[in-house]
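Hi,

Here is the structure I promised to pass on. Have a look at it first, and my notes follow below.

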Amino acid sequence: MTLTLDTPVALSYEDTVAHFANLIMRASVRDIELASRWYFEAEAVAREVASNLNCSMEIAASVVSAFSPRQSWSLNVRNAISFSKGETVKCLTNNLNMANASLSNGFDALKGQKTNAFARAIAGDDNAVVVDVWMMRAAQMPTDSPNKTQYAFVSDAIVDAANMFSITPRTAQALIWIIVRGGHA
């Protein structure tokens with residue numbers, strides 16, 4: 001592969017942490033406000049799902065996360081709430097299968113690192129770090145789909161950057177996501 005100036009190149013671990021810290025430092029007040037609320041708003045969605053299904057937050061957050069692959073957040077929410085009301089949901093078959101498995105297996109139903117971490121973050125785990133396409137781009141990784149080693153690399157770098165600012169890893173991840181993606185979606 002020939003590298004061009006716009007080809008993303010993986011940074012060293014220390015440079016990745018520094019890059020994440022620089023992104024956090026350039027956050028606007030609005031970015032910080034959005035990031036600090038993001039997972040609390042997602043928790044509210046899970047609470048609604050939990051109420052509809054009369055289940056635990058683990059199961060509800062897992063259902064919400066199950067509908068996340070290849071979906072906008074608004075469609076993710078709509079699908080999770082519809083599912084929790086027993087309505088027919090049109091989505092990827094695998095997402096529906098994961099949601100159904102979540103009803104009995106909670107977090108364990110979500111085999112993907114991203115969906116599992118997302119469910120844990122939604123359920124209130126401040127240390128859960130979600131690494132998706134936008135976080136891979138933020139880390140300047142050469143792929144949008146991390147393997148286990150890359151996932152751990154990016155996740156650990158976010159944790160270290162979060163510690164530099166005394167914020168939770170899930171809030172740091174949300175903030176970096178908002179900055180890189182260009183807004184709250």
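**What I found**

Residues 24 or more positions apart make up 64% of the contacts in the chain that have a separation of 6 or more, a contact being heavy atoms within 4.5 Å.

Before you read on: this is a predicted model, where local features need pLDDT of at least 70, side-chain atom pairs count only at pLDDT 80 or more, and totals for chains, interfaces and linings use all residues. Residues are numbered from 1 along each chain as its sequence is written, and side-chain values use heavy atoms, with hydrogens and water left out.

The chain has nine helices and zero strands, taken from DSSP runs (H or I, at least four residues, for helices; E, at least two, for strands) and numbered from the N terminus. Its radius of gyration is 17 Å, close to the 16 Å from the globule rule for 185 residues, so the chain is as compact as a globular protein of that length. That radius is taken over C-alpha atoms, and the rule is 2.2 Å times the number of residues to the power 0.38. Along the principal axes, the C-alpha atoms fill a box of roughly 50 × 40 × 25 Å.

As for burial, 45% of the 185 residues count as buried (under 20% relative accessible area, 1.4 Å probe, protein chains only). Helix 3 (residues 57-66) is worth a look: eight of its ten residues are buried, among them Ile59, Val63 and Val64. Their cover includes helix 2 (29-53), helix 4 (73-84), helix 5 (93-105) and helix 6 (113-122).

Cheers

Notes
Buried means under 20% relative accessible area, exposed over 50%, partly exposed in between (1.4 Å probe, protein chains only).
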